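Hi everyone, thanks for coming. Let's have a look at this one together.

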Amino acid sequence: MAFHLVGMGVSRGIAIGPVHVLHRGELEIAEYHIDARDVEAEIRRFREALEIARAQLREIRTRIPENTRADIVEFIDTHLLMLEDSTLTVAPEYLIRSQQINAEWALKQQRDALVEVFEAMDDAYLRTRKDDIDHVVTRIQRILRWGGEAPSESTTTALLQGAIVVADELTPADTVVLQHQGIAGFVTEFGGPLSHTAIAARSLRIPAVVGVHEVRRLLREGETVILDGRRGVLVGDADTVLLEWYRERRDAERSRQESLARLRAEPATTRDGVRVRLLGNIELPEDIDPLMEAGAEGVGLYRTEFLYMNRDDLPDEEEQLEVYAAIIAHLDGLPLTIRTLDLGADKPLAGSERHALCANPALGLRGVRLCLHEPELFRPQLRAILRASAMGPVRIMLPMLTTLEEVRQVRRILAQLQRELDDRHLPYDPSLPVGGMIETPAAALLADRFARELDFLSLGTNDLIQYLLAIDRVDDEVAYLYDPLHPAVIEALHRVLRAGDRHGIPVSMCGEMAGDPRLVPLLLALGLREFSIHPAALLEIKDCIRSLSLPERRLPDHPDPDEILDFVHALAGNGESSA
Ligand code: PEP
Ligand code: MG
C-alpha cells in the first residue's frame, strides 16, 4: 500500500529512484521498527556484522609490525574481547527481539546505556573505556550500513547516482556537489522555499521537497520512492500502476520542457507588442551554459558568494578576475550584473565564528553591511569587478541596502580604487553602472531616493518578502505565511517600479517571484519589464509573456487582498500560456 509524505515542493519535477540517506559528519543511525516475522533475519544481520567486525580486527592485528608498541596490540585485543562480550553481543539481540527494532537502533541504545555507566565511574581509566565502546560500536554500525567495505569516494558516488537523497538539511554548496554526483532529487527535514538551497535546487533543476519532518526515520536506505517536487509529496511503496503513472508524468514534463526550446531565439514580447527583457540568475560560472541555451539576454544576478563558499581560504582579486573574465567571454557582449558578496544569514562563510555567535543572522552583518565592515573582503572584489568592466558590459549590484549612506560609502571606495587602478595603468569602465537591490522595507520605502543615487534597481523579493512579512525564509514553520500577493508586497513593488519610472532608471526583479508563471500577468500589469530568473524557468516565463496581452484594467492604488486575487484571476484568463 503506497504511503505519502508531505512537505513543501521547492523545485519542480518528478524523480523516481532509490533512497540514499545522507550521513554528514558523524555516522547517523537509521532507527525503525520491524515486523515480528523479520526479527530473526535482523538478528542474523546483526550477528553477521559482528563476525565481519571480528574478522576485520583480526586482520588488522596481523598487519601490526613486530616492533610496534605493545599497547597498540592490546588496544586491538581489547576491542576483540569486547566483540565477544555479551553486553555488546547478546544485549542488542534482546532489544531487537523485545522492541522489534532494527539492529542499528538496538546497538545504539545499548551503547548509550553502557556509556552512561562508564561516565558515572570515578576511575578515570575506566571512563576512557567509553571511547573503546564507541570505536567498536561505530565499526559495527558502519558494517551494518555499508557491509564490509568502508565507503570510499567512488562507492559514495555510485550510491548517489540516480538516488533520492534524504538529509536533515543541505547547504547550497552541498546541493551543487550532489548535482555533480548525479542525484535524481532530494528531500530534507528542514528548510523553506526561499532558502538558497531551494533556489540552488531550482536552478540546477533538481526536483526537491523540503520540510518533511522525520523523513530520515520514515524512509529506508535503498527503497524506491517517487518525489513530486511540484506538489511537495513523496510516495513510497508505490505499486507498478502508480509508478507507471508517475513515469509517464515525468516523461511528459520533460517533453514539454524540450518543446519550449523552440522559443529560444524568439523575443519576449507580449501579444500586444510590449517588449520584456529576460535575464538570468547564476551562481556558478557553469550556469552560463544553460543560461545561453535558454536564450537569456544577459545575467541580471550573479550571486558571487558561491565563489567564497565551500573552501577554507578567500578568493583573491586575480582569481575573481579570472572567473569574471571567463563569464564575460562566454556572454559574448551580453551584460553581466555582478552582485557583490552577500554572505551572512543562510550563506555563512566557512569557519566564520561571528555567524555562529549571531543570534539572528538575517538581521545581522550580512550583504553590503558585512562588506563595508570588512574592507579586506570587499576591496579585492570591487577591484576585480572594476577590472572586469574593461572586458565587456558589466554592472555592479549591492545587496541588502538599508541606508543611502551605504551607497555613498561604496561609491567613495570605488572612486578610490579607480584612482589606484589609474596609477597601475589598469583599464576599467569609468561609467560602470552601480545598482542596488531593493530587498529591505527601508529600501522599498525610500525607493525614490535610492533611484536618485543608483543607476538601476533590482527587486530582491526573496528577502523583501521575508523582511516585510517578518518570516524567516529558511524556517519551514512560518513558510505558510510566505505570500507574494500580500498587499504590503504589492504596494512595495508598486512603489519601487514607480520610482524607477520617475527617475528614468531600469527596475528588474531577480527574486524567485519573477520565475513564477502564475504571477507574470500581475507583474507585467504592475509595470515590470525586466525579469531576472533562474535559467531553468526562463523559457516557461517567455512562453507565458508571449501568450499575454497587457490588461486594460488597472489594479487599485491600495488594493486589499480580495482585489489582488480578483485581479490575478482575471488576468489568468487573458493568456493562452501552457504554463
Ligand atoms: C532576493 O533576496 O530576492 C535575492 C534575489 O537575493 P538572494 O536570494 O540571493 O538573497
Ligand atoms: Mg537577497
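Okay, start at the ligand: a polar side-chain atom of Arg 473 sits 2.8 Å from an oxygen atom of ligand 1. That's a polar contact, meaning a pair of N or O atoms within 3.5 Å. Quick word on where this comes from: it's a predicted model, where local features need pLDDT of at least 70 and side-chain atom pairs count only at pLDDT 80 or more, while totals for chains, interfaces and linings use all residues. Residues are numbered from 1 along each chain as its sequence is written, chains are lettered from A and ligands numbered from 1 in the order in which they are written, and side-chain values use heavy atoms, with hydrogens and water left out.

Back to the ligand. Arg 339 has a side-chain N or O atom 2.8 Å from an oxygen atom of ligand 1, and Thr 461 brings a backbone N or O atom to 3.1 Å from a ligand oxygen.

Helix α19 (residues 461-468) packs on helix α20 (residues 487-503) at about 130°, axes 10 Å apart. Thr 461, Leu 464, Ile 465 and Leu 468 of α19 touch Ala 488, Val 489, Ala 492 and Leu 493 of α20, where contact means heavy atoms within 4.5 Å. By class, that's seven nonpolar, one polar and no charged residues. Here, Ala, Val, Leu, Ile, Met, Phe, Trp, Tyr, Cys and Pro count as nonpolar, Asp, Glu, Lys and Arg as charged, and the others, Gly among them, as polar. Helices are DSSP runs (H or I, at least four residues), numbered from the N terminus, and their axes are lines fitted to C-alpha atoms over the stretch in contact, with angles running from 0 to 180 degrees between N-to-C directions.

Note on methods: Helices (H or I, at least four residues) and strands (E, at least two) are DSSP runs, numbered from the N terminus. A polar contact is a pair of N or O atoms within 3.5 Å; within protein, one must be able to donate a hydrogen and the other to accept it, and residues adjacent in sequence count only if both atoms are side-chain atoms.
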